[in-house]
Structures are given as C-alpha cells and as structure tokens.
Amino acid sequence: MNAPPATPAFSLLGTTALLFEAPGAFDLEAQQRIWALAKEAEAWPEIREAVPGMKNLMLTFVEPPQTLDALQERLMAAWQAARPLARSGRVVELPVVYGGTGGPHMADVVAHTGLSVEQIVELHSAPLYPVYALGSHPGYCYLGGMDPRLATPRRKVPVMSIPGGAVSIGGAQTGVSASAGPSGWNTIGSTTMSFFDPAAEPPAALQPGDMIRFRVEAVLR
Amino acid sequence: MIEILSNAALATVQDLGRNGSLRWGVGTSGAMDDLALAAGNLMLGNPVGAAGIEIPVFPFKLRFGADCAFALTGADCDARLDERPLLPWWTHRARAGEVLALGVPKGPMRASRALLCLSGGVDVPEVLGSRSTQLRGAFGGFEGRALKRGDVLRCGHDGHGRPTGFGLVPPALAMPLQRDGIAAVRVLPAAEYLAFEPASREAFWNRDWKITAQSDRYGYRLDGEALRPIAPMELLSHGIVPGVIQVPHSGQPIVQMRDAQPSGGYPKFGTVIEADLWRLGQAPIGSRIRFIETTWAQAVAARDEARQWLAKVERMVSLHCSARGAR
C-alpha cells in the first residue's frame, strides 16, 4: 500500500465524475467520515450520486460544471466538518470452503505472504468485517478490517471471469463476489449467498455498516 | 413485434444507461454508441433514451411480426429488408413478415456496432430506472441477457403515419476525429497520470494502440508500449466510470467501457471523455487508435458539441416531418 496522502486529493474521472480521496490512516472512523460526507454531498444539486469507496468518495455529475473550483472548496469544507457517522448494522455469517478448485489463487497468497494455508485461513476467518462500501458489481461489498499480513497485490493481469461466491484478496482488502465476472483479485475460497435482487428495496442485501463473519466450513488442498 | 433469427450474436437491448444505482454496485450499461441510439430514436419521434438493440456481431437477422417503422444507425452493415438494400443512418418501414438482415460492417466509417431503433422503443420492463441489459447482474434488457434465436420482442407502437425514408449524415463524418490518419479519442489525465514514467506518458500520446481480441462491452484491452509506473502502486478501491483507462501491473492499458464495473483499484492513467466514448465504442477489434490530451474546458465543450449535434438532428427531423405532413 502506498503512503496515505497528507491532504485530501481531488482528481477527474472524465467529465462524468470527481474523485475525492481522504488523507490519513485507513480505519473505520475515516470510513465513517466518508459516509457522512456522502450523505451531505448527495443533496447538492449538481451531484447525481455520491458513491463511497474505500476512504474515498466519487461524485457523479447531473451536468459537469463549467469550472470545478467552487465544488472542490465546498467538498473540502464539508470534509473538515464531517463527523464519523456510526451505523449499527446487522451481522451476517458466511460459511467458506477455503482452497481447492474454489480457491485457485491460494498458492499465490501463500507465496506472497509467506504464511501457510492454515495461517491464512485462521487470520482471514477471525475478524468481524464491517461493510465499508458497495461497488464492483451488483451487491458486492468492500470490507474493512482484513489482517494486513494477508495483503497480496492484485494480479498482474485480471482473470476474465471468477464465479459468484468467490472469496478473494486484492491488495489490503478482501471481499466476496456477488456474481461471476472479471476480477484482478486473488481467490482463496468460496461461499454461497444471494447479495442482490433488483426487485427488492433496497436491491442490495447488505449496506455500509453491516458486518460479515467468515466461518470455516472446510479447507481443501 | 420482432423475432430474432440469429444465435449467439451478443446483441443486447440498451438505452442511454442506468443512472443512480452505483451505490448498490450497479454500473450504468447503455449503448456503446450513445449518439447512434439517440439519433435513431429522434428520427422515429421516440424519446431520445428509448431502448434499442445494439448488434456487434454479424450476420444478424430478425423478422418483423407486424408493420413497424425503424431506424438503422451505427455501423453501415449492408442491411437488407427481404432483398431490398437499405441505406444506413436512415429510417425505414417494414411490413409484417419481412426479414431484416445485417451483414459485415463496410464503408469508410469502419464502425463495429449497428443500432436498431424501433418505433416507440423496445418494450421491455424498466429495472432500476433503465431498460439497458445488465449482463453481470443478469437483469434489465430482455431477461437480463443477450438476445438469441427465437426471442420475441415487442416495440412501443407501429409508427403508423410517421414519415420514414429519410436519414442523417453520421456523426463520424459530421464530427470526425483523427490523429495522423488514425481514429482518435480525447483523454483527460486521471489521478495517477503523473506517477508514470515520463517516457510512458509520451508513448501514450504519441504511439498507436491496438484494440485486442480481449475487448468487449466491459472493457477494451489495448496493446502497445507497456506503461511503467515510477514506483509500484497498490490503491484502495474507488469509484470509476466508463472511459477510465486503468493500467494493471502488466503495463497494457484497459479502457473501461459501458458494462464496466463502477469501482476498481488499478492505477488510472486518464479517462476517455464522455463525448468521445461512442467513437471508441465503434472502433473494431484489431484496429488502432490514438489518444489526444485534453482539458476540462475542452471536454465540457466537446460534450456540448455532441448535444448540439443531437439538437440539430431533432430540428431537422421535426422540419422534415412537418413538411411531409403539409403535403
């Protein structure tokens, strides 16, 4: 992981969106401030959606403004004023089969971290992971709280498709695929859970603030 | 009503995209050539964002089950209605039972996707505010999937009394963009642009980039001189949009397209501007493209230019229809 920036960073995603990256350490409190910032910014008239990422926030435009200075100043002031927004979510337990055909990149994580399969499984299944943000694909949850010893770089070339239910590690993060699709993450196990129903309100099963626990169902080699 | 006669053609129902569900992890989808879809709809008197059918693989055939006005835009693909040749970027009227056949794209535009708009739009349910097919989530469009032989789709109405038999100069000819004789798109630098080697930044703007066979509605994987970061980067996941050019560790860039996921973590070199996404969406696999550096003000102006072109289309269509109506 690169060193966190000392000041907030703004960057452009074409004329579609602005990306705000918060400074400082990456922890639950920082993420709770991102949630607070998102809640405020989504009410601004020029903003279509305020989408929390991992210690960052993407603002998509209804119409791209002629200049960006005013929006950046407003965002900066809102970030300074943002207090952590605590959310008491529910806890969901997911049974995971680690390794085997459902965890094709376990060996890469072993090679990179220097840990054994048993240690990886133990460290990965220990925490209660808070959902920090949704993204990637419908219903997918980005989780906080992974043990930093498990951090493994994203793959040199993304895999064209990994299945739904894949439990994977990308950099300092971990998560579960909600459906099959391309991914640059390292898949170490698999689980079953329905994360998304477009007819439900809300359509995603989990929200930021909910929590996931991985229960070890089996470890395969 | 139309019946699809071709199989495995990756044709999908698309509108101008699904906005407002990024927070659930739902990307926008939508037509790869949004100008072609919008123009086709305007020619038929449809709402600009009505759903049409995007056809990327040929030959492709369908049968009209009832009389229907339609517009063909996007790639010029030697279209025929029964044996009658059809002009591209043109409105037509089909009789019940006639078969529309699209062949391999040809002509100077070298586009890769045809857009078929039907009178009243393709009538599929709106899901989360859009009729676009969400392939990853398997919802929206027609049963959340690409079309296949035997599928029957309804259109909004038959377009009876609506003038047809007129067309447009395609935007690729009206607003061409090339660099050194190669199709080009404009790019705004993104967050990690300056974290790449100066030689890589220069190569990005001055070299050709080949669109590889591993390119689809999710993203275009490009082949060219590898882009080298000054130091390795491992980022936290963040929102991204169609057009974002990611550089995985291999150094070969990937341009996110309409079915792109709404977040990612690879370093971002730049973003193909919204106004030029249709150009890239039409660039065929195996072809070469060039990138032109642009500024925020120029990118906003380019978006306005595309809008003005559509406004001109709307005025032209309305003049044409009132003139016909007066006769």
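**Figure 1. Chain B, its helices and strands.** Welcome to chain B, whose secondary structure comes to five helices and 21 strands. Helices here are DSSP runs of H or I with at least four residues, strands are runs of E with at least two, and both are numbered from the N terminus. The radius of gyration of chain B is 20 Å, close to the 20 Å that the globule rule gives for 327 residues, so chain B is as compact as a globular protein of that length. That radius is taken over C-alpha atoms, and the rule is 2.2 Å times the number of residues to the power 0.38. The C-alpha trace of chain B spans about 65 × 35 × 35 Å along its principal axes. This is a predicted model: local features need pLDDT of at least 70 and side-chain atom pairs count only at pLDDT 80 or more, while totals for chains, interfaces and linings use all residues. Residues are numbered from 1 along each chain as its sequence is written, and chains are lettered from A and ligands numbered from 1 in the order in which they are written.

**Figure 2. Ala183(B) and its surroundings.** Look for Ala183(B) in strand β13 (residues 182-189) of chain B. Ala183(B) counts as buried because it has 22 C-beta neighbours inside 10 Å. A residue is buried if 20 or more other C-beta atoms lie within 10 Å of its own, exposed if 12 or fewer, and partly exposed in between, with C-beta atoms placed from the backbone. Of the 327 residues in chain B, 54% are buried. Leaving aside residues up to four places away in sequence, Ala183(B) touches Gln178(B), Arg279(B), Ala283(B), Ser287(B) and Ile289(B); contact means that the C-beta atoms of two residues, placed from the backbone, lie within 7 Å. Arg110(B) is 73 residues from Ala183(B) in sequence, with a C-alpha to C-alpha distance of 9.8 Å. Among contacts in chain B between residues at least 6 apart in sequence, 77% join residues at least 24 apart.

**Figure 3. Where chain B meets chain A.** Here 43 residues of chain B are in contact with 49 residues of chain A. On the chain B side, the elements giving two or more residues are β16 (238-239), β20 (268-272) and α5 (296-326). The largest share, four residues, comes from α5(B). This side of chain B divides into 23 nonpolar, 15 polar and five charged residues. Ala, Val, Leu, Ile, Met, Phe, Trp, Tyr, Cys and Pro count as nonpolar, Asp, Glu, Lys and Arg as charged, and the others, Gly among them, as polar.

**Figure 4. A four-stranded sheet in chain A.** Follow the strands of this open sheet in the order β1-β2-β4-β3 of chain A, with antiparallel pairing. Two strands pair if DSSP finds at least two bridges between them. The edge strands, β1 (9-13) and β3 (47-52) of chain A, each pair on one side only. Between β1(A) and strand β2 (residues 17-21) of chain A there are five bridges, and Leu13(A) stands opposite Ala17(A) in β2(A). Helix α1(A) lies across β3 and β4 (56-61) of chain A, at about 170° to β3(A). Angles run from 0 to 180 degrees between N-to-C directions, and axes are lines fitted to C-alpha atoms, for helices over the stretch in contact.

**Figure 5. Two domains of chain A.** Chain A is divided into domain 1 (9-81) and domain 2 (91-220), with bounds from an automatic or database domain assignment. Their C-alpha centres lie 27 Å apart. The contact takes six residues from domain 1 and eight residues from domain 2. Helix α1 (residues 28-41) of chain A gives the largest share of the domain 1 side, three residues.
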